[in-house]
Amino acid sequence: MTPATPGGTATPPGGRVSPGGAPVAVIGTGVIGAGWAALFLARGLDVTAFDPAPGAEERLRAQIDLAWPALTRLGLRDGSSRDRLTFAATAGDAVAEARFVQESGPERPGLKRTLLAALDEAAPAGVPIASSSSGLPPSLLQEMCPRHPERVLVGHPFHPAYLIPLVEVVPGARTDPGVVRQTTDFYSRAGKRPVLVRQEVPGHLANRLQAALWREAYSLVERGVATVADVDAAIAHGPGLRWALLGPLVNQHLSGGPGGMAHTLEHLGPPAQAWMDDLGTPRLTPELVGLLVGGVNAELDGIDQEAMVTDRDALLVGLLEAKSRHHALP
């Protein structure tokens, strides 16, 4: 992939984004914001960050240092450098010359309203403001930006944001279609895999799919059908392996052989409907929460969780490298 230039054209192969060029602004530098900053720096972009929390700059630089080995293994773009990070004194200063704004502040509407209003006031007209929000709908976020609501939308990543390619692009009722295209193009050139969510729904797309699986997993544990460890094993050593390569619907198509999805639904549609009709409707009562927490603790008893996370990320990088070599995968 060629290096990305937000709001503009891709840098030619072997080129770089000028150190004096307009930066990407990263507003909020917690876990998600730090992941975005690391990714953008690895793509050869200038990044101006802001977070009002005491010690935020030191924590951000430390998080970028932790992410850098994995990003280096995946391949840094020409001009990439951690030295291209600037930490601004105010949110307005961070976005004053930005060509793209990635907002990752806390999911508190009151705080978000104040923050987005400041970004809307200070960012140049036409510059997209993409929120990492996983819960607030873009139309609500647009109401917080009275100056230019048409440039506001959701750009929701998945942790760790510097490794997981998916980003959900969710326009609001007033988002300019040109801003949607500009944002999607920027994310693509930054190495992400944008998916356009065409209607506003709670949880966007991927979180709703996750919630459907969690719902039945919780129900099975609550009913005593399986333990927490059983559920995790069933996914991690079964369909999860295929889902990491192709989505659930294409996998269903492939399971139908030459007849594809039509054959699968003809033969498995009726029992699948019965299974769906029998899915549970659990409530997260204190008793169920206790079962889930206790089950996870039992599953991980004696396991070094820091080492587990390190191994997970190393395997994830290896998977991403392998997938990049197989161009028949969509």
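The model is predicted: local features need pLDDT of at least 70, side-chain atom pairs count only at pLDDT 80 or more, and totals for chains, interfaces and linings use all residues. Residues are numbered from 1 along each chain as its sequence is written, and side-chain values use heavy atoms, with hydrogens and water left out.

Side chains of opposite charge can pair when their charged atoms come close. A salt bridge is a side-chain nitrogen of Lys or Arg within 4 Å of a carboxyl oxygen of Asp or Glu. The structure holds nine of these salt bridges. Helices (H or I, at least four residues) and strands (E, at least two) are DSSP runs, numbered from the N terminus.

Arg-82 lies in the loop between α2 and β3 and Asp-65 in helix α2, so the pair ties together parts 17 residues apart in sequence. Arg-82 is partly exposed, at 34% relative accessible area. Asp-65 also counts as partly exposed, at 40%.

Arg-84 pairs with Asp-46. The closest N and O atoms of Arg-84 and Asp-46 are 2.8 Å apart. This pair links distant parts of the chain. Arg-84 sits in the loop between α2 and β3 (85–87), Asp-46 in the loop between α1 and β2 (47–50), and 38 residues separate them. Both Arg-84 and Asp-46 are buried.

Arg-151 forms a salt bridge with Asp-120, with the closest N and O atoms 3.3 Å apart. Arg-151 belongs to the loop between α5 (138–143) and β6 (152–157) and Asp-120 to helix α4 (residues 109–122), so the pair ties together parts 31 residues apart in sequence. Arg-151 and Asp-120 are both buried. Elsewhere, salt bridges that share partners join Glu-103, Glu-107 and Lys-112 into one network.

Helix packing was described next. Two packed helices are described by the angle between their axes and the distance between the axes. Axes are lines fitted to C-alpha atoms, for helices over the stretch in contact, and angles run from 0 to 180 degrees between N-to-C directions. The axes of α1 (residues 31–42) and α2 (residues 56–74) come within 9 Å and cross at roughly 55 degrees. The crossing of α1 and α2 is right-handed, meaning that the near helix is turned clockwise from the far one by less than a right angle. Contact means heavy atoms within 4.5 Å. From α1, the contact is made by Ala-34, Ala-37, Ala-38, Leu-39, Leu-41 and Ala-42. From α2, it is made by Leu-60, Gln-63, Ile-64, Ala-67, Trp-68 and Leu-71.

Thr-48 is in strand β2. Thr-48 is buried, at 12% relative accessible area. Beyond its neighbours within four places in sequence, Thr-48 is in contact with Pro-23, Val-24, Ala-25, Val-26, Thr-86, Ala-88 and Ala-94. His-204 lies in the loop between β8 (193–196) and α7 (206–222). His-204 is buried, at 4%. Leaving aside neighbours within four places in sequence, its contacts include Ser-133, Leu-136, His-156 and Glu-168. Ala-274 lies in helix α11 (residues 260–277) and is partly exposed, at 43%. Ala-274 and His-326 are 52 residues apart in sequence and 37 Å apart in space, C-alpha to C-alpha.

Conventions
Buried means under 20% relative accessible area, exposed over 50%, partly exposed in between (1.4 Å probe, protein chains only).
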